[in-house]
Amino acid sequence: QVQLVESGGGLVQAGGSLGLACAVSGSIFRVGSMGWYRQAPGKQRELVAHITRLGTANYGGSVKGRFSISYDNGYKVASLQMNGLQPEDTAVYYCHGVITPLGTENPNTYWGQGTQVTVSS
């Protein structure tokens with residue numbers, strides 16, 4: 001049973017920084033890619049950042065230059081460092097993974113439970 005468990009988040013003032021972490025647990029053959037999405041009230045879920053197992057990263061337009069994604073394959077933890085946070089970054093942040101479980105051949109998509117990030121002005 002593959003699971004994604006998020007940690008971090010919370011309340012921060014505008015201009016501040018926060019870090020999120022997503023630990024992958026379970027019997028895993030391969031992590032293909034990891035990502036972070038967010039969903040603000042009344043809005044659709046949107047891509048924040050994505051990284052492949054080879055380390056290629058891409059970012060949503062509104063966070064480029066402020067956020068940084070990384071993945072530690074040894075510890076199987078994906079991290080999101082968020083700098084220069086603004087009130088419009090307030091949302092529930094979800095970890096996402098494309099992961100092939102051990103004993104299978106095809107990857108599945110997994111989501112974390114979500115963690116709240118609130119930026120006050």
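This report walks through a few side chains in a predicted model.

## An aromatic pair

Let us start with the rings. The structure holds 1 aromatic pair, formed by Tyr37 and Trp111 in an edge-to-face arrangement. Their centres are 5.2 Å apart, and the planes make an angle of 65°. Tyr37 belongs to strand E4 (residues 28–39), while Trp111 belongs to strand E10 (residues 108–111), so the pair ties together parts that are 74 residues apart in sequence.

How accessible are the two partners? Tyr37 has a relative accessible area of 22% and is partly exposed. Trp111 is also partly exposed, at 38% relative accessibility; both values fall between the 20% limit for buried and the 50% limit for exposed.

Thr115 is part of strand E11, which covers residues 115–120. Is Thr115 buried or exposed? Its relative accessible area is 11%, so Thr115 counts as buried, the limit being under 20%.

What surrounds Thr115 there? Setting aside neighbours within four places in sequence, Thr115 is in contact with Glu6, Gly8, Gly9, Leu20, Ala91, Val92 and Tyr93. With Gly8 there is a polar contact too: a polar atom of the Thr115 side chain lies 3.0 Å from the backbone oxygen of Gly8.

How values were computed:
Residues are numbered from 1 along each chain as its sequence is written. This is a predicted model: local features need pLDDT of at least 70, side-chain atom pairs count only at pLDDT 80 or more; totals for chains, interfaces and linings use all residues. Side-chain values use heavy atoms; hydrogens and water are left out. Helices (H or I, at least four residues) and strands (E, at least two) are DSSP runs, numbered from the N terminus. Buried means under 20% relative accessible area, exposed over 50%, partly exposed in between (1.4 Å probe, protein chains only). A polar contact is a pair of N or O atoms within 3.5 Å; within protein, one must be able to donate a hydrogen and the other to accept it, and residues adjacent in sequence count only if both atoms are side-chain atoms. Contact means heavy atoms within 4.5 Å. Rings of Phe, Tyr and Trp (its six-membered ring) pair if their centres lie within 6.5 Å; planes under 30 degrees apart count as stacked, over 60 as edge-to-face and the rest as tilted.
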